[in-house]
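Please look over the sequence and the model shown below.

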Amino acid sequence: MTDIPTTLFDDTCCQLGEGALWHPARGELFWFDILGRRLHRRGKHWQFDAHVSAAGWVDKDRMLIASDNALLLFDIETGASETLCPLEADNPGTRSNDGRADPQGGFWIGTMGLAAESGAGAIYRFYRGELRKLFADITISNAICFSPDGGWAYFTDTVTKRIMRQRLGDADGWPVGAPELHIDLTGTGHSPDGAVVDSAGTLWNAQWGSGRVAGYDPQGREIGAVAFAAAQTTCPAFGGADLRQMFCTSAADGLSQAELDAAPASGCTFTAPMQLPGQAEHRVLL
């Protein structure tokens, strides 16, 4: 493990913390409690009627938010939201999960079954008003992130323990060709959850059950890991004034009382200083 000090950023306990996003126009971290149906910011939260899981920023005051049945345009100042387009609205058995904006201004979002039913989910891309399905038969969509040059997208179906990479083609950023294996975690005991790529192209992957965020170079080789005081690490994000702070959400859901006693900060959000900066989160183009 890389010897990097980690601290508690926010002690709000989430059942399933996810979707960490540093809003570059506001200089603030936003994150979700999917099972609690809440969006969080330090010192404030917004309650939703549906599961909400991931976001991209549109401008200083608005974000695109993925819910279990729609992509929403959310006003941070007023708390109002409007539907941009439905997302598996005809399927009450699924919800959104991991998502992130790509360098071309598209927003990738994965879905999954409410009970993680095999193959019930998919991965979509929303770009300039169009929602297109990219990959079907996904069980637990995760690790959606992008290389700094905009040439590659990364994603995983957590149950496969394989992080894939997908070549992005034209200036509009749509995939070309088939995805290929990038990082194989089978046999390691690690399960890939959310991920983000820093400015050098290192993919940082939160690993459910392992209490860490592991870094992999552009060739997919592990170069180190940051340990956090919560076994169920879920989603990293880079932020801070110089983008050299890594934030990481976690989850308390499913832990026994003994496990919670051993790691009382489970479900909280953490931070760690990093040597290299991340990428600024990309803006979603509507």
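Leaving aside residues up to four places away in sequence, Thr139 touches Met112, Gly113, Ala116, Glu117, Ser118, Gly119, Asp157 and Val159, where contact means heavy atoms within 4.5 Å. With Gly119 there is also a close pair of atoms: a polar atom of the Thr139 side chain lies 2.9 Å from the backbone nitrogen of Gly119. Thr139 counts as buried because its relative accessibility is 7%; buried means under 20% relative accessible area, exposed over 50%, and partly exposed in between, with a 1.4 Å probe and protein chains only.

The model is predicted: local features need pLDDT of at least 70 and side-chain atom pairs count only at pLDDT 80 or more, while totals for chains, interfaces and linings use all residues. Residues are numbered from 1 along each chain as its sequence is written, and side-chain values use heavy atoms, with hydrogens and water left out.

In the chain, Thr139 sits in the loop between β13 (130-138) and β14 (141-146). Strands here are DSSP runs of E with at least two residues, numbered from the N terminus. The C-alpha atom of Thr139 is separated by 20 Å from that of Ala55, which is 84 residues apart from Thr139 along the chain.

Now to the sheet. An open sheet is formed by 4 strands in the order β1-β24-β23-β22, with antiparallel pairing; two strands pair if DSSP finds at least two bridges between them. β1 (7-10) and β22 (233-239) stand at the edges with a single partner strand each, so one side of each has no neighbour in the sheet. The antiparallel strands β1 and β24 (residues 269-273) are joined by 3 bridges, and Thr7 has Thr271 in β24 as its bridge partner.

Conventions
A polar contact is a pair of N or O atoms within 3.5 Å; within protein, one must be able to donate a hydrogen and the other to accept it, and residues adjacent in sequence count only if both atoms are side-chain atoms.
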